[in-house]
Amino acid sequence: MNFKIAVLSGDGIGPEIIEQAKKVVLATGKKFGHTFAFSEGLIGAIAIDKTGSPLPEETLELCKSSDAVLFGAIGDPKYDNNPSAKVRPEQGLLAMRKELGLFANVRPITTFPSLLDKSPLKKEVVEGVDILMVRELTGGIYFGKPQGRSEDGKTAYDSCVYSKYEVERVVRLACEYAMARSKRVTVVDKANVLATSRLWRETALEVAKDFGDVQMDFMFVDNAAMQLIQNPGRFDVIVTENMFGDILSDEASVITGSLGLLPSASIGLLTSVFEPIHGSYPQAAGKNIANPLGTILSAAMMFDYAFNLKNVAEAIRNAVEQSVENDFVTEDLNRKSPKSTSQVGDWIAGKVGN
Ligand code: IPM
Ligand code: MN
């Protein structure tokens, strides 16, 4: 088959890590008989510098006309330190989510046996952890109106807004994923305080009726934050609203000891987007030291979720596991004798193509 892939490298280490994922994708093409057409689009700080917009119309059109989007990272310190900047790189990401209808962000949190000692938690607590975090991505307080400042500037407000429809579709997706796993879904909310959370609970219970085999439970977000540290093994699929998911998925990602290794997929109404969960890591940009594995594993998710080619996804995951087991890794995982970003990319592409 031929696949059209939009490549949005973005800022910081984005271009370097995306380059490795492209190598690996091309290597699978030779091996499994597929072809890929990559087209580059601008997003983030680099897009602001070149066009004035964090998500130029051209980029959006490119995404819409592609079979999948491979995304690197966005963000630049010059904006982080300037709260009054009128245009911000993050606006590009949020606009892309909204315009592509990417209502679910899926982050698998799994452990690599050889990296367990890198976790800040005890080995016996993290061993075997396998969580699928499903975060609602186009609603809630990130997008709710009104948002702004009072005229005198002394008050500010954000609104958390959800419709039943928005809750239903993401909870349904979480239940579908659970059916292919341990069939457990935990809905995380703050239903003791928030009206939106009570709508989430009520709607989730209705959705559960359509999934007789799925065991659903509910947990307040403060408790979930604690349980993720104390007993992460209790979770299978977690589904939650946008901001709770933002926070909990970062928390969950570090318990495996390997932020640079974790991929994600944003799924929705149009083209899906695949990106590592780490940010643009500006201190490492251009140094050929960043860990490309999260991006390469995001490409694996692309084969799984967007192209339905499980065998290709599996081949990439196996090659990544081998690189970790052989300690052929970047400096975040091996301080003493690290490999460079491109060396790791070449090694994995070589394995996949063999
Ligand atoms: C993420 C990021 C974004 C978010 C930022 C960059 C806007 O933290 O993808 O989790 O908050 O959603
Ligand atoms: Mn985040």
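This is a predicted model: local features need pLDDT of at least 70, side-chain atom pairs count only at pLDDT 80 or more; totals for chains, interfaces and linings use all residues.
Residues are numbered from 1 along each chain as its sequence is written, chains being lettered from A and ligands numbered from 1 in the order in which they are written. Local features need pLDDT of at least 70 and side-chain atom pairs count only at pLDDT 80 or more, whereas totals for chains, interfaces and linings use all residues, and side-chain values use heavy atoms, with hydrogens and water left out.

The structure holds seven aromatic pairs, where rings of Phe, Tyr and Trp (its six-membered ring) pair if their centres lie within 6.5 Å, and planes under 30 degrees apart count as stacked, over 60 as edge-to-face and the rest as tilted. One of these pairs is stacked, because the rings of F3 and F36 have their centres 5.9 Å apart and their planes at 20°. This pair links distant parts of the chain, with F3 in strand β1 (residues 2-10) and F36 in strand β2 (residues 35-40), 33 residues apart; strands (E, at least two residues) and helices (H or I, at least four) are DSSP runs, numbered from the N terminus. F3 is buried, with a relative accessible area of 4%, and F36 also counts as buried at 12% (buried means under 20% relative accessible area, exposed over 50% and partly exposed in between, with a 1.4 Å probe and protein chains only).

The rings of Y162 and W200, with centres 5.4 Å apart and planes at 90°, form an edge-to-face pair. Y162 lies in the loop between β7 (156-157) and α7 (164-179) and W200 in helix α8 (residues 195-208), so the pair ties together parts that are 38 residues apart in sequence.
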